[in-house]
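This report describes selected features of one protein model. Please consult the sequence and the three-dimensional view shown below while reading.

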Amino acid sequence: KRQVTVVSSPQAAGGRVARIRRGPRFTAHLQNSFTQSGQSHVVDDLRHAILSGDQPPGTVIPVDEVAAHLGVSPIPVREALMTLIGEGLVERRPHVGYRVTTLTFEEFTDLYEVREVLEASALVSSVRNAGVDDDVQIRASHTELDTAIRRSDHRSFHTESRRLHLAMMRPSKMSRLISMYESAWNLTEPTSPMSHVSDEARRQFHGDHAEMIAAFVDRDVDGLVAASHRHYEHLRAGFDPLRGDAELFRGP
């Protein structure tokens, strides 16, 4: 089954006309973590569905249908959605209801600016605290990225990129900063950006990762921060062709 959402687009007459956006039903990728003890983690299930990348921006979240799928009443679903509104993952629109948040392109790129600042701060401390086990974990993530590149597996590339960045940040032991970093990353997940950039851009990002790892294992703080900055510059350049894509972003 596919879900049809009516959205608007500007036209020559200066008015707005209905445009049809087609996408999968929200429940198509919604897991149910209901356990034998009777505990249903509605917030976790909804959050997981949104962060999986299978729910594009603007996907409508039908409360009654979700409640039936999870085997609960609509009340905990609405409560969970309010929590996710607070996290920025869900928005409520008049005449539409709840849906996966749609960012403007500027909001999307701003989140990468936030990530760059937070990551640079953590990397300085990480290099000072890192040990051999951290190097092993980082290299393992890079190996998975190699495999994703060879297979043109955009989803795995995205997942392992996140794993790699966090592996380089965790030795900093800056847990609150890392939590803010992950929150900023989460807000861009529905866009699934690595599925929309060019193969050339992904290969460049992969090369950036190799430079960052080399600096990390050499405990070269300045080199690592510089490589991270270049990486974020390349990310922004790689995303720029997506500007104006009405299927991914809303207008300013």
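The model is predicted: local features need pLDDT of at least 70, side-chain atom pairs count only at pLDDT 80 or more, and totals for chains, interfaces and linings use all residues. Residues are numbered from 1 along each chain as its sequence is written, and side-chain values use heavy atoms, with hydrogens and water left out.

**Cavities**

The structure contains two cavities of 30 Å³ or more. A cavity is a set of points, on a 1 Å grid over the protein atoms alone, where a 1.4 Å probe fits but cannot get out, and its lining residues have an atom within 4 Å of a point. Grid points are joined across faces, edges and corners, and the volume is the space filled by probe spheres set on the points. In the table, Ala, Val, Leu, Ile, Met, Phe, Trp, Tyr, Cys and Pro count as nonpolar, Asp, Glu, Lys and Arg as charged, and the others, Gly among them, as polar.

| Cavity | Volume | Lining by class |
|---|---|---|
| Largest cavity | about 70 Å³ | six nonpolar, five polar and one charged residues |
| Second largest cavity | about 30 Å³ | five nonpolar, two polar and no charged residues |

The largest cavity is lined by Y112, R115, F157, H158, S161, H165, W185, M194, F205, H209, H231 and L235. Helix 4, helix 6, helix 8 and helix 9 each supply at least two residues of this lining, and helix 6 gives the most, with four residues. Helices (H or I, at least four residues) and strands (E, at least two) are DSSP runs, numbered from the N terminus. The second largest cavity is lined by G88, L89, V100, T101, L103, L187 and P190.

The structure holds eight aromatic pairs, where rings of Phe, Tyr and Trp (its six-membered ring) pair if their centres lie within 6.5 Å.

**Individual residues**

T104 lies in the loop between strand 4 (97-100) and helix 4 (105-129). T104 is buried, with a relative accessible area of 6%; buried means under 20%, exposed over 50% and partly exposed in between (1.4 Å probe, protein chains only). Leaving aside neighbours within four places in sequence, T104 is in contact (heavy atoms within 4.5 Å) with F249, R250, G251 and P252.

R163 belongs to helix 6 and is partly exposed, at 33% relative accessible area. Residues up to four places away in sequence not counted, R163 touches A140, S141 and E144. R163 and A140 are 23 residues apart in sequence and 9.9 Å apart in space, C-alpha to C-alpha.

K173 has a positive phi of about 60° although it is not a glycine. K173 is placed in the loop between helix 6 (154-169) and helix 7 (175-188) and is exposed, with a relative accessible area of 68%. R219, likewise not a glycine, has a positive phi of about 55°. R219 occupies the loop between helix 8 (199-217) and helix 9 (221-239), and R219 is partly exposed, with a relative accessible area of 29%.

Definitions and conventions
Rings of Phe, Tyr and Trp (its six-membered ring) pair if their centres lie within 6.5 Å; planes under 30 degrees apart count as stacked, over 60 as edge-to-face and the rest as tilted. On a 1 Å grid over the protein atoms alone, a cavity is a set of points where a 1.4 Å probe fits but cannot get out, and a pocket is an open set with protein on both sides within 12 Å along at least five of seven lines; lining residues have an atom within 4 Å of a point.
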